[in-house]
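Colleague: I would like to know what stands behind the words used for this model. Please take them one at a time.

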Amino acid sequence: MAKVNLNNLNHSYVPNPLPEDYVLNNIDIEWSDGGAYALLGPSGCGKTTILNIISGLISPTKGSILFDDKDVTSLSPLDRNIGQVFQFPVIYDTMTVYDNLAFPLRNRGFDENYINKKVSEIAEILELNSSLSNRASGLTADGKQKISLGRGLVRSDVNVLMFDEPLTVIDPLLKWQLRSKLKELHHEFQNTMIYVTHDQTEALTFADQVVVMYEGVIVQIGTPTELFETPKHTFVGHFIGSPGMNIIPCSVENSQVICFEHIVSTSSNLNNIKKNSELKLGVRPEFVKLSSKGIPTKINNVSDIGRYKVVDCSVGSQKIKVILKEGEEVPSEDTRLEFDINHTKVYENDWMIGE
């Protein structure tokens with residue numbers, strides 16, 4: 001396994017690009033040897049492009065890729081020695097399941113005894129033992145994707161293992177099981193793993209560190225707890241969490257935050273706000289309370305999720321969501337909103353200002 005560095009990576013798919021043509025902008029990141037990482041963001045934000053640049057399928061317009069401090073930017077995919085699992089199954093239909101799993105090892109000249117040991121090990125983990133002698137063409141989409149995962153996992157000599165939304169075609173229950181298996185494999189073998197997904201649940205349950213991307217830029221790198229409790233950008237707050245963070249227009253007057261003509265206390269440092277900046281208040285539904293004091297609101301709908309209720313409120317045209325814990329009652333009249341000061345942040349031009 002290897003440490004992976006991306007240094008000042010920029011990429012465009014058009015020749016002689018203008019600034020707006022770049023799909024990746026100033027990507028600087030280090031993934032430690034043996035870590036489990038996720039690239040998280042919506043479709044089109046640049047996640048797969050990064051993966052394909054690391055693997056050598058794409059040459060970056062600018063920047064460099066290092067494995068253990070060795071520059072591999074000009075090396076071919078074969079010479080980079082990586083394992084990659086794609087979104088849709090890539091298998092050999094005419095081969096048996098066993099031969100599909102053995103193929104990467106045979107291609108590199110490993111001993112058959114070693115191959116049998118590794119294939120049996122991976123087949124047991126992925127519950128493919130009973131179908132090892134079957135032709136791969138007869139398997140379901142779930143089974144074929146398990147083979148793709150197994151082919152990526154069977155090699156222990158790779159620098160990095162990369163997964164590009166590998167569970168897209170998988171049944172929801174099996175998806176949860178395979179995600180747990182990948183986590184177990186990482187703990188057991190300490191492979192450097194990079195997992196690309198647009199699904200926050202997949203990213204937050206798999207990775208030790210999550211890289212959140214938006215429009216070709218890394219907006220935050222952190223643990224699941226850091227991304228939830230301290231989103232550095234409004235996109236992170238909106239994208240992570242269900243429901244996402246409330247983003248509310250506000251202003252600052254005389255060093256006080258004004259929201260809906262009410263003073264709101266926050267934990268943000270308001271000393272260095274620039275003139276003409278766009279200011280927003282960010283507070284997650286978990287940290288908003290229905291109270292007898294605060295900002296008057298109207299309750300539009302209450303959704304009972306089981307362990308908690310999601311209350312849809314509005315102040316004028318602004319929609320605000322509140323999460324009530326099990327047993328908490330919805331006030332019947334004179335309802336107001338109160339924000340937890342320790343979890344209420346001010347964002348300047350979508351970036352969280354200092355605390």
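Modeller: What follows sets each word against its definition.

Modeller: This is a predicted model, in which local features need pLDDT of at least 70 and side-chain atom pairs count only at pLDDT 80 or more, while totals for chains, interfaces and linings use all residues. Residues are numbered from 1 along each chain as its sequence is written, and side-chain values use heavy atoms, with hydrogens and water left out.

Colleague: Why is Glu112 called partly exposed?

Modeller: Buried means under 20% relative accessible area, exposed means over 50%, and partly exposed is in between, with a 1.4 Å probe and protein chains only. Glu112 has 41% relative accessibility, so it counts as partly exposed. Glu112 lies in helix H4, residues 112–125.

Colleague: How much of the chain is buried by that rule?

Modeller: Of the 355 residues in the chain, 50% are buried.

Colleague: What makes a run of residues a helix or a strand, and how many of each does the chain have?

Modeller: Both are DSSP runs, numbered from the N terminus: a helix is H or I with at least four residues, and a strand is E with at least two. The chain comes to nine helices and 23 strands.

Colleague: How do you know that S15 and S22 pair?

Modeller: Two strands pair if DSSP finds at least two bridges between them. Five bridges join strand S15 (279–283) to strand S22 (344–348), and the two run antiparallel; therefore they pair under the rule. One of the bridges has Leu281 with Val346 of S22 as its partner.

Colleague: Which sheet holds these strands, and what makes a strand an edge strand?

Modeller: They belong to an open sheet of four strands in the order S11-S15-S22-S23, with antiparallel pairing. The edge strands are S11 (246–249) and S23 (351–352), each of which pairs on one side only. Strands of a sheet pair through backbone hydrogen bonds, either parallel or antiparallel.

Colleague: What is the difference between a cavity and a pocket?

Modeller: Both are sets of points on a 1 Å grid over the protein atoms alone. In a cavity a 1.4 Å probe fits but cannot get out; a pocket is an open set with protein on both sides within 12 Å along at least five of seven lines. Lining residues have an atom within 4 Å of a point. Grid points are joined across faces, edges and corners, and a volume is the space filled by probe spheres set on the points.

Colleague: How many cavities of 30 Å³ or more are there?

Modeller: The count comes to one. The largest cavity has a volume of about 50 Å³, and its lining includes Phe228, Met245 and His343.

Colleague: Which residues lie nearest the centre of the largest pocket?

Modeller: They are Ile82, Gly83, Gln84, Arg108 and Arg155, from a lining of 22 residues. The volume of the largest pocket is about 590 Å³. Strand S6 gives the most to this lining, with four residues.

Colleague: What makes a lining residue nonpolar, polar or charged?

Modeller: Ala, Val, Leu, Ile, Met, Phe, Trp, Tyr, Cys and Pro count as nonpolar, Asp, Glu, Lys and Arg as charged, and the others, Gly among them, as polar. The lining of the largest pocket has 12 nonpolar, seven polar and three charged residues. In the second largest pocket, the lining divides into five nonpolar, one polar and five charged.
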